[in-house]
Amino acid sequence: MDESIKMKKPILIVFTGPMELGGIERSLLGLMDAINYNEYDVDLFLYGHHGPLLSQINPEVNLLPEVKELAFLQESFVSKIKHRCFYAAALRLRDEIIRHFMQVDYYATWAQVTRRKIVPFVKNYDLAIGFFRPFDLIIEKVHAKKKVGWIHTDYKNAKENLDMIEKDYSRLNAIVAVSEACAENFASLFPSLQNRIVTIENILSVPYIVRKSKELIAADEMPDDGSIRLLTVGRFSPPKNIINIPDICKRIREEGLNVKWYLIGFGSEEEKIREKIKELEMHDHVIVLGKKENPYPFIAKCDVYVQPSLYEGKSVCVREAQVLCKPVVITNYETSRSQLEDNVDGIIVPMDNEGCAKGIASLLRNPEKMRELEKNCSIRDYSNSEEVQKVYKLMIC
């Protein structure tokens, strides 16, 4: 065997899902692209070998075989049966019954499937990374000198079982937060874990984002029709607050501004969002574009990118919009000031619908401020490529 291969340090990355179009998945791609494969040998264990971003995984990464029962853990009961994942389906049915009487921690169910269906890994690793909860696989099935888990959200505002979260993270050697504010909030919730927390920002591949933004023309779906084009990209789920966009858009239009607000994404709230658009008669002004494998041409074409979230760890979509030099507006969620510098490379507006609408309208009436935001984004480096050095240091800390 080649001596250089023998000397490489082995790393295992585990992601508890398929490669869907989420910010966490794109952050994972950025991390894998930043690793020096002359020095590190990377194995990737994905719960599901499907999703539109699967083909974007760095070819230097060794993708480990799929375990069918894990592959569709996040899918519906019907999908589990369709793919013959009967054990996972039985647990899902049990959880749905229990959910009518008490809170259910679906991560605990995932852990049960992991214990039942995964055999211990034979290979020894210098570092095992759990890129998303739960971490049972790396804790119970993997031999590694250091085991670390990522925090991608603000648990202070997420309505999750804090006892289960603390138990999950307490079994790790180190805990990685994607922003300082995210780390501070986590430490305030779990002071006993404070000394294990390190901040490692999301790593983005700027050349990839720029290249993908030029791959197709978004004119057909986001036409130049004289309107001001707002865009939001994200999962259609409660934390992203997309359900309130029709009302916010209506308020902006009532201020005399000809805006259209485009939505890219998918998720559990899609039907509710469409119903809200219909209820407020905003179907000509709030346009659901749905799931897009490549959202970057749409980001490049919009006039303002808006992220109206209730809470975030650190939004990858916002960073991608800044990479493409777009004026960005975010709501004043608790970790917002670790996301951007207010009035310098983005704008922070109130979270309530009226305040959000007035803040966006104020920016739209100030083209000079919009140009200033674009210029400031153009001279900043949002790649965070140096953050990979902190990942290497986790092996020796």
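Which residues does D126 touch, not counting residues up to four places away in sequence? Taking contact to mean heavy atoms within 4.5 Å, D126 touches K9, P10, K145, K146 and M395. D126 lies in strand β4, where helices (H or I, at least four residues) and strands (E, at least two) are DSSP runs numbered from the N terminus. At 16% relative accessibility D126 counts as buried, a word that stands for under 20% relative accessible area, with exposed over 50% and partly exposed in between (1.4 Å probe, protein chains only).

Before going on, a word on the basis of all this. This is a predicted model, in which local features need pLDDT of at least 70 and side-chain atom pairs count only at pLDDT 80 or more, while totals for chains, interfaces and linings use all residues. Residues are numbered from 1 along each chain as its sequence is written, and side-chain values use heavy atoms, with hydrogens and water left out.

Let me turn to the nonpolar cores, a core being a set of buried Ala, Val, Leu, Ile, Met, Phe, Trp, Tyr and Cys residues joined through side-chain atoms within 4.5 Å. The largest has 36 residues, and F45, F121, Y169 and F186 are the ones that touch the most other members. At least two residues of this core come from each of β1 (9–15), α6 (106–117), β4 (124–130), α7 (136–141), α8 (162–170), β6 (174–177) and α9 (180–189), and α9 gives the largest share, four residues. Apart from this core lies another, of 33 residues, including M19, I57, I203 and V388.

Now to the aromatic pairs, of which the structure holds 11; rings of Phe, Tyr and Trp (its six-membered ring) pair if their centres lie within 6.5 Å, and planes under 30 degrees apart count as stacked, over 60 as edge-to-face and the rest as tilted. The pair of F131 and W150 is tilted, because the ring centres are 5.2 Å apart and the planes stand at 40 degrees. Since F131 lies in the loop between β4 and α7 and W150 in strand β5 (residues 143–151), this pair ties together parts that are 19 residues apart in sequence. Both F131 and W150 are buried.

Y169 and F186, by contrast, form an edge-to-face pair, at 5.0 Å centre to centre and with 75 degrees between the planes. Here Y169 lies in helix α8 and F186 in helix α9, so the pair ties together parts that are 17 residues apart in sequence. Y169 counts as buried at 0% relative accessibility, and F186 is buried with a relative accessible area of 2%. Leaving aside residues up to four places away in sequence, Y169 touches R133, F135, G149, W150, I151, Y155, I175, F186, L193 and R196. Ring pairs also link F135, Y155, Y169, F186 and F190 into a cluster.

Elsewhere, helix α11 (residues 245–254) has I245, P246, D247, I248, C249 and I252 buried. The buried residues of α11 pack against β8 (228–233), β9 (259–264), α12 (270–279), β10 (286–290) and α15 (353–364). After α11 comes G256, whose phi is positive, near 90 degrees.

Finally, a charge sits over a ring if NZ of Lys or CZ of Arg is within 6 Å of the ring centre and within 35 degrees of the ring normal, and K291 lies over the face of F266 at 4.6 Å from the ring centre.
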